Amino acid sequence: MRDVAVIGIGETAFGELWDKSFRDLGIEAGLLAIEDSGITAQDLDAIYVGNMSAGKFIDQEHVSALVADYSGLADQHLPTVRIEGGGACGAIAILQARMAIASGQHDIVIVGGAEKMTDVSDARAGEILSATADQEWESVFGATFAGLYAMMARRHMYEHGTTREQMAQVAVKNHKNGALNPNAQFQREITLDTVLKSGWVAEPLTVFDSAPLSDGAAAVVLCAMDRARKFTDTPIRILGSGQASDFLALHDRRDLTTMDATVVAGKRAFHAASLTPEHVKVAEVHDNFTISEIMAIEDLRFVKKGLGGMATEEGETALNAKVSVNTSGGLKARGQPVGAVGIAQAVEVVRQLRGEAGKRQVQNAEVGLTHTLGGTGATAVVHLFGRAN
Amino acid sequence: MAIPRFWREIPSRYNLYGSKCGHCGTLDFPPRTVCPECGRRSVGKMERVKLGGKGTVVSYSVIHDAPAQYEMMKPYVLAIIEMAEGCRLTSQVIDVDPAAVKIGMPVEAAFRKLGSEGEAGVIHYGYKFRPAG
(Lines give C-alpha, C1' and ligand atoms only; values in the text may rest on other atoms or scores of the structure.)
Protein backbone atom coordinates (compact mmCIF):
# COMPACT_ATOMS: atom_id res chain seq x y z
CA MET A 1 0.00 0.00 0.00
CA ARG A 2 1.32 3.44 -0.93
CA ASP A 3 1.70 6.33 1.46
CA VAL A 4 -0.68 9.21 0.88
CA ALA A 5 -0.13 12.91 1.58
CA VAL A 6 -2.25 16.02 1.73
CA ILE A 7 -0.77 18.49 -0.74
CA GLY A 8 -3.50 21.12 -0.88
CA ILE A 9 -6.11 22.63 1.45
CA GLY A 10 -8.94 25.09 1.01
CA GLU A 11 -11.97 26.25 2.95
CA THR A 12 -14.63 28.92 2.70
CA ALA A 13 -15.59 31.21 5.52
CA PHE A 14 -18.18 29.41 7.68
CA GLY A 15 -21.40 31.06 8.77
CA GLU A 16 -24.91 31.98 7.71
CA LEU A 17 -24.01 32.68 4.11
CA TRP A 18 -27.33 33.61 2.54
CA ASP A 19 -25.74 35.00 -0.59
CA LYS A 20 -23.98 31.74 -1.40
CA SER A 21 -25.43 28.51 -2.75
CA PHE A 22 -24.25 24.95 -2.16
CA ARG A 23 -22.54 25.08 -5.56
CA ASP A 24 -20.81 28.39 -4.82
CA LEU A 25 -19.42 27.02 -1.57
CA GLY A 26 -18.24 23.68 -2.94
CA ILE A 27 -16.49 25.27 -5.88
CA GLU A 28 -14.84 27.99 -3.79
CA ALA A 29 -13.29 25.45 -1.41
CA GLY A 30 -12.28 23.15 -4.25
CA LEU A 31 -10.57 25.86 -6.26
CA LEU A 32 -8.69 27.09 -3.18
CA ALA A 33 -7.42 23.57 -2.49
CA ILE A 34 -6.33 23.04 -6.10
CA GLU A 35 -4.56 26.40 -6.16
CA ASP A 36 -2.86 25.62 -2.86
CA SER A 37 -1.70 22.21 -4.12
CA GLY A 38 -0.04 23.43 -7.29
CA ILE A 39 -1.79 20.80 -9.43
CA THR A 40 -4.05 21.62 -12.31
CA ALA A 41 -7.54 20.21 -12.52
CA GLN A 42 -6.34 17.94 -15.35
CA ASP A 43 -4.13 16.11 -12.82
CA LEU A 44 -7.19 14.89 -10.89
CA ASP A 45 -8.19 11.23 -11.07
CA ALA A 46 -11.37 11.40 -9.00
CA ILE A 47 -13.59 13.56 -6.80
CA TYR A 48 -14.91 12.48 -3.41
CA VAL A 49 -17.59 14.54 -1.70
CA GLY A 50 -18.70 14.38 1.93
CA ASN A 51 -22.26 15.55 2.35
CA MET A 52 -24.79 14.67 5.02
CA SER A 53 -28.14 15.69 3.68
CA ALA A 54 -28.30 17.93 0.61
CA GLY A 55 -31.46 16.03 -0.32
CA LYS A 56 -33.22 17.45 2.71
CA PHE A 57 -31.46 20.80 3.06
CA ILE A 58 -31.64 21.91 -0.60
CA ASP A 59 -33.66 19.14 -2.34
CA GLN A 60 -30.60 18.18 -4.35
CA GLU A 61 -29.11 14.70 -4.55
CA HIS A 62 -26.33 13.54 -6.85
CA VAL A 63 -24.14 16.34 -5.56
CA SER A 64 -20.84 14.69 -6.49
CA ALA A 65 -21.60 15.03 -10.21
CA LEU A 66 -22.92 18.53 -9.57
CA VAL A 67 -19.68 19.62 -7.94
CA ALA A 68 -17.60 18.17 -10.80
CA ASP A 69 -19.83 19.89 -13.35
CA TYR A 70 -19.79 23.33 -11.77
CA SER A 71 -16.06 23.11 -11.15
CA GLY A 72 -15.71 23.04 -14.92
CA LEU A 73 -14.71 19.38 -15.03
CA ALA A 74 -17.74 17.84 -16.73
CA ASP A 75 -15.87 17.00 -19.93
CA GLN A 76 -13.07 15.34 -17.96
CA HIS A 77 -15.63 12.65 -17.01
CA LEU A 78 -14.00 11.96 -13.64
CA PRO A 79 -15.43 9.31 -11.36
CA THR A 80 -17.22 11.10 -8.51
CA VAL A 81 -18.35 9.64 -5.21
CA ARG A 82 -20.62 11.15 -2.58
CA ILE A 83 -20.23 9.76 0.93
CA GLU A 84 -23.00 9.84 3.53
CA GLY A 85 -22.37 9.04 7.17
CA GLY A 86 -23.98 11.72 9.30
CA GLY A 87 -21.46 14.22 10.61
CA ALA A 88 -18.61 11.85 9.81
CA CYS A 89 -19.19 11.88 6.03
CA GLY A 90 -16.28 14.22 5.27
CA ALA A 91 -13.85 12.19 7.36
CA ILE A 92 -15.04 8.97 5.72
CA ALA A 93 -14.56 10.59 2.30
CA ILE A 94 -10.91 11.30 3.20
CA LEU A 95 -10.50 7.70 4.33
CA GLN A 96 -12.03 6.30 1.13
CA ALA A 97 -9.99 8.62 -1.09
CA ARG A 98 -6.84 7.68 0.79
CA MET A 99 -7.57 3.98 0.22
CA ALA A 100 -8.15 4.61 -3.49
CA ILE A 101 -4.71 6.20 -3.77
CA ALA A 102 -3.00 3.70 -1.46
CA SER A 103 -4.33 0.86 -3.59
CA GLY A 104 -2.84 2.33 -6.74
CA GLN A 105 -6.20 2.96 -8.37
CA HIS A 106 -5.71 6.73 -8.32
CA ASP A 107 -2.75 9.09 -7.87
CA ILE A 108 -4.36 12.46 -7.16
CA VAL A 109 -7.83 12.96 -5.73
CA ILE A 110 -9.71 15.96 -4.40
CA VAL A 111 -11.94 15.43 -1.38
CA GLY A 112 -14.51 18.09 -0.68
CA GLY A 113 -17.16 18.49 1.96
CA ALA A 114 -20.03 20.92 2.00
CA GLU A 115 -23.35 21.62 3.64
CA LYS A 116 -25.88 24.39 3.07
CA MET A 117 -27.98 24.42 6.23
CA THR A 118 -29.58 27.86 6.35
CA ASP A 119 -31.95 27.50 3.40
CA VAL A 120 -34.37 25.75 5.80
CA SER A 121 -35.79 26.97 9.13
CA ASP A 122 -33.84 26.30 12.32
CA ALA A 123 -36.55 23.86 13.46
CA ARG A 124 -36.35 21.94 10.19
CA ALA A 125 -32.53 21.90 10.39
CA GLY A 126 -32.83 20.36 13.85
CA GLU A 127 -35.10 17.63 12.48
CA ILE A 128 -32.66 16.91 9.67
CA LEU A 129 -29.76 16.61 12.11
CA SER A 130 -31.77 14.22 14.27
CA ALA A 131 -32.29 11.96 11.24
CA THR A 132 -28.79 10.65 11.94
CA ALA A 133 -30.12 9.19 15.19
CA ASP A 134 -32.72 6.36 15.16
CA GLN A 135 -35.86 7.83 13.58
CA GLU A 136 -38.13 4.91 14.55
CA TRP A 137 -37.06 4.38 18.16
CA GLU A 138 -35.64 7.74 19.27
CA SER A 139 -36.96 10.66 17.20
CA VAL A 140 -40.60 9.50 17.12
CA PHE A 141 -40.63 9.61 20.91
CA GLY A 142 -39.54 13.25 20.99
CA ALA A 143 -35.77 12.70 21.14
CA THR A 144 -34.01 15.71 19.65
CA PHE A 145 -30.37 15.55 18.63
CA ALA A 146 -29.43 17.88 21.49
CA GLY A 147 -31.63 15.85 23.84
CA LEU A 148 -29.64 12.69 23.14
CA TYR A 149 -26.32 14.43 23.80
CA ALA A 150 -27.89 16.00 26.90
CA MET A 151 -28.58 12.51 28.24
CA MET A 152 -24.91 11.63 27.74
CA ALA A 153 -24.01 14.83 29.60
CA ARG A 154 -26.41 14.07 32.45
CA ARG A 155 -24.99 10.58 32.85
CA HIS A 156 -21.40 11.89 32.64
CA MET A 157 -22.19 14.33 35.44
CA TYR A 158 -23.76 11.50 37.48
CA GLU A 159 -20.98 8.95 37.00
CA HIS A 160 -17.88 11.14 36.80
CA GLY A 161 -18.82 14.30 38.65
CA THR A 162 -18.49 16.47 35.56
CA THR A 163 -19.99 19.92 36.10
CA ARG A 164 -21.88 22.34 33.89
CA GLU A 165 -19.02 24.80 34.43
CA GLN A 166 -16.49 22.28 33.09
CA MET A 167 -18.62 21.70 30.00
CA ALA A 168 -19.01 25.44 29.54
CA GLN A 169 -15.21 25.80 29.57
CA VAL A 170 -15.10 23.85 26.31
CA ALA A 171 -17.21 26.56 24.66
CA VAL A 172 -15.14 29.34 26.25
CA LYS A 173 -11.89 27.80 25.00
CA ASN A 174 -13.19 27.12 21.51
CA HIS A 175 -14.55 30.64 21.14
CA LYS A 176 -11.16 31.94 22.26
CA ASN A 177 -9.51 29.91 19.49
CA GLY A 178 -12.22 30.87 17.01
CA ALA A 179 -11.43 34.53 17.67
CA LEU A 180 -8.03 33.85 16.07
CA ASN A 181 -9.50 32.17 12.97
CA PRO A 182 -10.58 34.57 10.19
CA ASN A 183 -12.78 31.84 8.64
CA ALA A 184 -14.67 31.05 11.86
CA GLN A 185 -18.39 31.68 12.16
CA PHE A 186 -17.94 33.21 15.64
CA GLN A 187 -14.78 35.27 16.11
CA ARG A 188 -15.66 36.62 19.51
CA GLU A 189 -14.61 35.43 22.94
CA ILE A 190 -17.29 34.52 25.47
CA THR A 191 -17.30 34.10 29.24
CA LEU A 192 -18.39 31.21 31.42
CA ASP A 193 -21.49 33.19 32.31
CA THR A 194 -22.46 33.55 28.66
CA VAL A 195 -22.70 29.78 28.42
CA LEU A 196 -24.30 29.12 31.80
CA LYS A 197 -26.92 31.86 31.45
CA SER A 198 -27.91 31.27 27.85
CA GLY A 199 -31.24 29.55 27.21
CA TRP A 200 -31.74 25.82 27.63
CA VAL A 201 -31.81 23.69 24.52
CA ALA A 202 -32.00 20.38 26.36
CA GLU A 203 -30.99 20.38 30.02
CA PRO A 204 -28.16 20.38 31.02
CA LEU A 205 -27.10 21.84 27.63
CA THR A 206 -27.67 25.48 26.69
CA VAL A 207 -27.53 27.30 23.37
CA PHE A 208 -23.84 28.03 24.00
CA ASP A 209 -23.12 24.36 24.74
CA SER A 210 -24.24 23.67 21.17
CA ALA A 211 -22.52 24.16 17.81
CA PRO A 212 -24.41 26.41 15.38
CA LEU A 213 -26.10 25.68 12.07
CA SER A 214 -23.75 26.77 9.33
CA ASP A 215 -23.06 26.99 5.64
CA GLY A 216 -19.58 26.23 4.42
CA ALA A 217 -17.26 23.97 2.52
CA ALA A 218 -13.71 22.64 2.74
CA ALA A 219 -11.49 20.59 0.47
CA VAL A 220 -8.17 18.76 0.49
CA VAL A 221 -6.08 17.42 -2.36
CA LEU A 222 -4.60 13.99 -1.66
CA CYS A 223 -1.66 12.64 -3.61
CA ALA A 224 0.46 9.49 -3.63
CA MET A 225 3.49 10.28 -1.46
CA ASP A 226 5.94 9.33 -4.21
CA ARG A 227 4.52 12.09 -6.41
CA ALA A 228 3.77 14.66 -3.72
CA ARG A 229 7.11 16.46 -3.79
CA LYS A 230 6.55 17.42 -7.39
CA PHE A 231 3.88 19.77 -6.14
CA THR A 232 4.88 20.85 -2.63
CA ASP A 233 7.83 21.05 -0.24
CA THR A 234 5.57 20.39 2.73
CA PRO A 235 3.46 17.31 2.04
CA ILE A 236 1.55 16.25 5.14
CA ARG A 237 1.42 12.47 5.39
CA ILE A 238 -1.67 10.60 6.55
CA LEU A 239 -0.03 8.39 9.17
CA GLY A 240 -2.99 6.24 10.08
CA SER A 241 -6.76 6.17 9.88
CA GLY A 242 -9.45 4.33 11.79
CA GLN A 243 -13.18 4.12 11.37
CA ALA A 244 -15.68 2.33 13.59
CA SER A 245 -19.43 1.96 14.05
CA ASP A 246 -21.69 1.20 17.00
CA PHE A 247 -25.39 0.71 17.82
CA LEU A 248 -27.41 3.39 16.01
CA ALA A 249 -29.59 4.26 19.00
CA LEU A 250 -27.91 5.76 22.05
CA HIS A 251 -29.95 3.59 24.46
CA ASP A 252 -28.43 0.39 23.02
CA ARG A 253 -24.81 1.42 23.69
CA ARG A 254 -22.68 -0.30 26.29
CA ASP A 255 -21.95 2.93 28.21
CA LEU A 256 -23.65 6.30 27.78
CA THR A 257 -20.50 8.14 28.85
CA THR A 258 -18.11 6.44 26.40
CA MET A 259 -18.30 6.38 22.64
CA ASP A 260 -16.95 2.92 21.83
CA ALA A 261 -16.80 3.90 18.14
CA THR A 262 -14.33 6.66 19.05
CA VAL A 263 -12.32 4.32 21.27
CA VAL A 264 -12.02 1.71 18.52
CA ALA A 265 -11.43 4.18 15.66
CA GLY A 266 -8.70 5.83 17.77
CA LYS A 267 -7.02 2.51 18.57
CA ARG A 268 -7.08 1.52 14.91
CA ALA A 269 -5.55 4.82 13.80
CA PHE A 270 -2.84 4.84 16.48
CA HIS A 271 -2.02 1.19 15.77
CA ALA A 272 -1.74 1.82 12.03
CA ALA A 273 0.57 4.78 12.67
CA SER A 274 2.58 3.06 15.46
CA LEU A 275 1.90 6.10 17.63
CA THR A 276 0.29 6.79 21.00
CA PRO A 277 -1.92 9.69 22.14
CA GLU A 278 1.16 11.27 23.78
CA HIS A 279 2.59 12.01 20.34
CA VAL A 280 -0.36 14.23 19.40
CA LYS A 281 0.14 17.94 20.01
CA VAL A 282 -2.80 19.29 18.02
CA ALA A 283 -6.25 17.75 17.64
CA GLU A 284 -9.52 18.73 16.04
CA VAL A 285 -12.29 16.78 17.76
CA HIS A 286 -16.04 16.66 17.15
CA ASP A 287 -17.44 19.24 19.60
CA ASN A 288 -20.98 19.47 18.26
CA PHE A 289 -21.89 19.86 21.94
CA THR A 290 -19.51 20.70 24.77
CA ILE A 291 -19.96 17.26 26.33
CA SER A 292 -18.84 15.70 23.04
CA GLU A 293 -15.37 17.25 23.34
CA ILE A 294 -15.05 16.07 26.93
CA MET A 295 -15.96 12.52 25.93
CA ALA A 296 -13.71 12.67 22.85
CA ILE A 297 -10.56 13.64 24.75
CA GLU A 298 -11.27 10.78 27.16
CA ASP A 299 -12.11 8.21 24.51
CA LEU A 300 -9.03 9.16 22.46
CA ARG A 301 -6.97 8.59 25.64
CA PHE A 302 -5.61 12.13 25.94
CA VAL A 303 -6.94 12.00 29.51
CA LYS A 304 -8.32 9.23 31.69
CA LYS A 305 -12.04 8.37 31.56
CA GLY A 306 -14.01 10.78 33.67
CA LEU A 307 -11.32 13.45 33.82
CA GLY A 308 -12.16 15.27 30.58
CA GLY A 309 -14.09 18.01 32.32
CA MET A 310 -11.38 18.62 34.90
CA ALA A 311 -8.62 18.60 32.26
CA THR A 312 -10.52 21.20 30.26
CA GLU A 313 -11.08 23.36 33.31
CA GLU A 314 -7.39 23.18 34.17
CA GLY A 315 -6.43 24.33 30.69
CA GLU A 316 -4.77 21.11 29.50
CA THR A 317 -6.50 21.40 26.11
CA ALA A 318 -5.90 25.12 25.58
CA LEU A 319 -3.71 26.50 22.82
CA ASN A 320 -0.13 25.29 23.35
CA ALA A 321 -0.98 23.35 26.49
CA LYS A 322 -0.59 19.55 26.83
CA VAL A 323 -2.61 18.96 23.66
CA SER A 324 -4.12 21.87 21.74
CA VAL A 325 -7.71 20.86 21.04
CA ASN A 326 -9.85 22.56 18.41
CA THR A 327 -7.45 25.35 17.53
CA SER A 328 -9.77 26.32 14.66
CA GLY A 329 -12.55 27.05 17.14
CA GLY A 330 -14.04 23.62 16.56
CA LEU A 331 -17.59 22.99 15.46
CA LYS A 332 -18.63 25.30 18.26
CA ALA A 333 -16.97 28.50 17.02
CA ARG A 334 -15.65 27.79 13.52
CA GLY A 335 -19.06 26.40 12.63
CA GLN A 336 -20.78 23.16 11.74
CA PRO A 337 -21.63 22.79 8.05
CA VAL A 338 -21.97 19.06 8.60
CA GLY A 339 -20.52 17.69 5.38
CA ALA A 340 -17.55 20.05 5.59
CA VAL A 341 -16.68 19.27 9.22
CA GLY A 342 -14.31 16.32 8.74
CA ILE A 343 -12.53 18.04 5.87
CA ALA A 344 -12.23 21.38 7.70
CA GLN A 345 -10.69 19.53 10.64
CA ALA A 346 -8.07 18.08 8.29
CA VAL A 347 -7.49 21.53 6.76
CA GLU A 348 -6.78 22.96 10.22
CA VAL A 349 -4.44 20.16 11.25
CA VAL A 350 -2.51 20.40 7.97
CA ARG A 351 -2.24 24.16 8.43
CA GLN A 352 -0.87 23.61 11.94
CA LEU A 353 1.64 20.98 10.81
CA ARG A 354 2.84 23.22 7.99
CA GLY A 355 3.30 26.05 10.49
CA GLU A 356 0.79 28.28 8.71
CA ALA A 357 -1.75 28.78 11.49
CA GLY A 358 -0.79 32.35 12.33
CA LYS A 359 -1.86 33.61 15.74
CA ARG A 360 -3.17 30.21 16.76
CA GLN A 361 -0.04 28.28 15.72
CA VAL A 362 0.79 25.32 17.95
CA GLN A 363 4.54 25.18 18.62
CA ASN A 364 6.51 22.09 17.55
CA ALA A 365 3.52 20.15 16.35
CA GLU A 366 4.75 17.01 14.60
CA VAL A 367 1.59 14.91 14.77
CA GLY A 368 -2.03 16.06 14.51
CA LEU A 369 -5.31 14.22 14.87
CA THR A 370 -8.84 14.64 13.59
CA HIS A 371 -11.87 12.98 15.20
CA THR A 372 -15.26 13.09 13.58
CA LEU A 373 -18.61 11.69 14.69
CA GLY A 374 -21.68 10.57 12.83
CA GLY A 375 -25.02 10.77 14.64
CA THR A 376 -24.74 10.33 18.38
CA GLY A 377 -21.61 8.22 17.97
CA ALA A 378 -22.78 5.35 15.77
CA THR A 379 -19.87 6.28 13.50
CA ALA A 380 -16.47 7.67 14.43
CA VAL A 381 -13.43 8.36 12.28
CA VAL A 382 -9.91 9.22 13.43
CA HIS A 383 -7.08 10.34 11.17
CA LEU A 384 -3.47 10.99 12.18
CA PHE A 385 -1.37 13.40 10.16
CA GLY A 386 2.34 14.16 10.31
CA ARG A 387 5.02 16.16 8.61
CA ALA A 388 6.77 14.06 5.98
CA ASN A 389 10.54 14.14 6.46
CA MET B 1 -44.21 9.98 7.88
CA ALA B 2 -46.15 7.54 5.68
CA ILE B 3 -48.98 5.77 7.51
CA PRO B 4 -47.73 2.18 6.85
CA ARG B 5 -44.38 3.17 8.27
CA PHE B 6 -46.05 3.77 11.61
CA TRP B 7 -48.47 0.83 11.37
CA ARG B 8 -45.61 -1.63 10.95
CA GLU B 9 -44.30 -0.77 14.38
CA ILE B 10 -47.65 -0.88 16.22
CA PRO B 11 -47.05 -4.21 18.03
CA SER B 12 -43.99 -2.77 19.74
CA ARG B 13 -45.21 0.79 20.14
CA TYR B 14 -48.64 -0.19 21.56
CA ASN B 15 -47.84 -3.42 23.36
CA LEU B 16 -44.09 -3.31 24.05
CA TYR B 17 -43.28 -6.41 22.03
CA GLY B 18 -39.57 -7.16 21.91
CA SER B 19 -37.62 -10.26 20.94
CA LYS B 20 -35.80 -12.97 22.86
CA CYS B 21 -32.91 -14.86 21.36
CA GLY B 22 -33.68 -18.59 21.31
CA HIS B 23 -29.94 -19.28 21.47
CA CYS B 24 -28.65 -17.14 24.37
CA GLY B 25 -31.84 -15.75 25.89
CA THR B 26 -30.89 -12.07 25.45
CA LEU B 27 -33.90 -9.82 25.23
CA ASP B 28 -34.03 -6.94 22.75
CA PHE B 29 -36.42 -4.07 22.30
CA PRO B 30 -37.48 -3.25 19.63
CA PRO B 31 -37.42 -6.79 18.23
CA ARG B 32 -34.38 -7.80 16.21
CA THR B 33 -34.01 -10.38 13.45
CA VAL B 34 -30.41 -11.12 14.44
CA CYS B 35 -29.16 -11.27 18.04
CA PRO B 36 -26.19 -8.91 18.54
CA GLU B 37 -24.62 -11.53 20.82
CA CYS B 38 -25.12 -14.67 18.75
CA GLY B 39 -25.21 -13.44 15.16
CA ARG B 40 -26.11 -16.13 12.66
CA ARG B 41 -26.79 -18.79 15.32
CA SER B 42 -29.84 -16.76 16.35
CA VAL B 43 -31.40 -16.47 12.90
CA GLY B 44 -34.86 -18.03 12.88
CA LYS B 45 -34.76 -18.47 16.66
CA MET B 46 -35.89 -15.01 17.72
CA GLU B 47 -39.13 -15.27 19.72
CA ARG B 48 -41.62 -12.47 20.31
CA VAL B 49 -41.95 -11.46 23.96
CA LYS B 50 -43.96 -8.74 25.66
CA LEU B 51 -42.21 -6.51 28.16
CA GLY B 52 -43.83 -5.98 31.55
CA GLY B 53 -43.70 -2.19 31.31
CA LYS B 54 -41.67 -1.52 34.47
CA GLY B 55 -38.30 0.19 34.39
CA THR B 56 -35.97 2.80 35.84
CA VAL B 57 -34.55 6.06 34.48
CA VAL B 58 -30.92 5.69 33.32
CA SER B 59 -30.56 9.27 32.07
CA TYR B 60 -32.85 12.13 31.14
CA SER B 61 -33.08 15.65 29.76
CA VAL B 62 -35.71 18.35 29.88
CA ILE B 63 -36.28 19.36 26.26
CA HIS B 64 -36.85 23.07 25.65
CA ASP B 65 -36.12 23.26 21.94
CA ALA B 66 -38.27 20.78 20.01
CA PRO B 67 -39.59 20.10 16.50
CA ALA B 68 -42.94 21.68 15.62
CA GLN B 69 -45.03 18.60 16.41
CA TYR B 70 -43.80 18.54 20.03
CA GLU B 71 -44.17 22.30 20.51
CA MET B 72 -47.27 21.92 22.70
CA MET B 73 -45.52 19.42 25.01
CA LYS B 74 -42.41 21.40 25.87
CA PRO B 75 -40.70 21.53 28.19
CA TYR B 76 -40.93 17.73 28.33
CA VAL B 77 -38.78 15.06 29.91
CA LEU B 78 -36.91 12.76 27.54
CA ALA B 79 -35.38 9.68 29.14
CA ILE B 80 -33.49 6.46 28.52
CA ILE B 81 -35.23 3.77 30.52
CA GLU B 82 -33.83 0.41 31.51
CA MET B 83 -36.66 -2.10 31.53
CA ALA B 84 -36.91 -4.73 34.26
CA GLU B 85 -36.06 -7.31 31.56
CA GLY B 86 -32.68 -5.59 30.99
CA CYS B 87 -33.15 -3.89 27.62
CA ARG B 88 -33.21 -0.11 27.24
CA LEU B 89 -35.39 2.28 25.27
CA THR B 90 -35.94 6.01 24.74
CA SER B 91 -39.21 7.63 25.73
CA GLN B 92 -40.74 10.49 27.70
CA VAL B 93 -41.52 10.68 31.40
CA ILE B 94 -44.94 12.27 31.92
CA ASP B 95 -47.35 13.16 34.73
CA VAL B 96 -44.41 14.48 36.73
CA ASP B 97 -42.77 17.77 37.65
CA PRO B 98 -39.62 17.75 35.42
CA ALA B 99 -37.56 18.88 38.43
CA ALA B 100 -38.57 15.71 40.29
CA VAL B 101 -37.12 13.30 37.71
CA LYS B 102 -33.95 11.56 38.89
CA ILE B 103 -31.58 8.88 37.64
CA GLY B 104 -32.73 5.58 39.19
CA MET B 105 -36.36 6.68 39.41
CA PRO B 106 -38.83 3.78 38.94
CA VAL B 107 -41.29 4.29 36.08
CA GLU B 108 -44.02 2.34 34.30
CA ALA B 109 -45.29 2.41 30.73
CA ALA B 110 -48.50 4.23 29.81
CA PHE B 111 -50.34 4.46 26.48
CA ARG B 112 -50.27 8.03 25.14
CA LYS B 113 -50.42 10.18 22.04
CA LEU B 114 -46.89 10.60 20.63
CA GLY B 115 -47.56 13.09 17.86
CA SER B 116 -49.52 13.72 14.71
CA GLU B 117 -49.13 14.41 11.02
CA GLY B 118 -50.06 18.05 11.13
CA GLU B 119 -53.40 19.37 12.40
CA ALA B 120 -55.67 17.15 10.31
CA GLY B 121 -53.41 14.12 9.91
CA VAL B 122 -53.07 10.72 11.50
CA ILE B 123 -52.40 10.67 15.23
CA HIS B 124 -49.54 8.47 16.41
CA TYR B 125 -49.82 6.60 19.70
CA GLY B 126 -47.34 4.64 21.73
CA TYR B 127 -45.66 4.30 25.09
CA LYS B 128 -44.57 6.99 27.48
CA PHE B 129 -43.61 6.45 31.10
CA ARG B 130 -44.93 7.79 34.38
CA PRO B 131 -43.56 7.52 37.91
CA ALA B 132 -44.26 4.10 39.43
CA GLY B 133 -45.40 3.82 43.03
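Modeller: The centres of domain 1 of chain A and domain 2 of chain A, taken over C-alpha atoms, are separated by 23 Å, with domain bounds that come from an automatic or database domain assignment. This is a predicted model, in which local features need pLDDT of at least 70 and side-chain atom pairs count only at pLDDT 80 or more, while totals for chains, interfaces and linings use all residues. Residues are numbered from 1 along each chain as its sequence is written, chains are lettered from A and ligands numbered from 1 in the order in which they are written, and side-chain values use heavy atoms, with hydrogens and water left out.

Colleague: How many residues does the contact take from domain 1 of chain A and from domain 2 of chain A?

Modeller: The assignment gives domain 1 as 4-121 + 214-228 and domain 2 as 128-210 + 239-387. Counting contact as heavy atoms within 4.5 Å, the numbers are 43 residues from domain 1 and 36 residues from domain 2.

Colleague: Why is α7(A) called roughly perpendicular to α11(A)?

Modeller: Axes are lines fitted to C-alpha atoms, for helices over the stretch in contact, and angles run from 0 to 180 degrees between N-to-C directions. Angles under 35 degrees count as roughly parallel, over 145 as roughly antiparallel, 65 to 115 as roughly perpendicular and the rest as oblique. The axes of α7 (residues 164-178) and α11 (residues 290-299) of chain A come within 8 Å and cross at roughly 95°, which makes α7(A) roughly perpendicular to α11(A).

Colleague: How many nonpolar, polar and charged residues has the contact of α4(A) with α14(A)?

Modeller: The axes of α4 (residues 89-102) and α14 of chain A come within 6 Å and cross at roughly 55°, so α4(A) is oblique to α14(A). On the α4(A) side are C89(A), G90(A), A91(A) and I94(A), which meet V338(A), G339(A), G342(A), I343(A) and A346(A) of α14(A). With Ala, Val, Leu, Ile, Met, Phe, Trp, Tyr, Cys and Pro counted as nonpolar, Asp, Glu, Lys and Arg as charged, and the others, Gly among them, as polar, the contact has six nonpolar, three polar and no charged residues.

Colleague: Is Q345(A) buried or exposed, and with what relative accessible area?

Modeller: Q345(A) is found in helix α14 of chain A. Leaving out residues up to four places away in sequence, Q345(A) touches residues including E284(A), H286(A), R334(A) and H371(A). Q345(A) is buried, with a relative accessible area of 0%.

Colleague: What share of the residues of chain B count as buried?

Modeller: Chain B has two helices and eight strands, and along the sequence its pattern is α-α-β-β-β-β-β-β-β-β. Its C-alpha atoms fill a box of roughly 45 × 35 × 25 Å, taken along the principal axes. Of the 133 residues of chain B, the share that counts as buried is 42%.

Notes: Helices (H or I, at least four residues) and strands (E, at least two) are DSSP runs, numbered from the N terminus. Buried means under 20% relative accessible area, exposed over 50%, partly exposed in between (1.4 Å probe, protein chains only).
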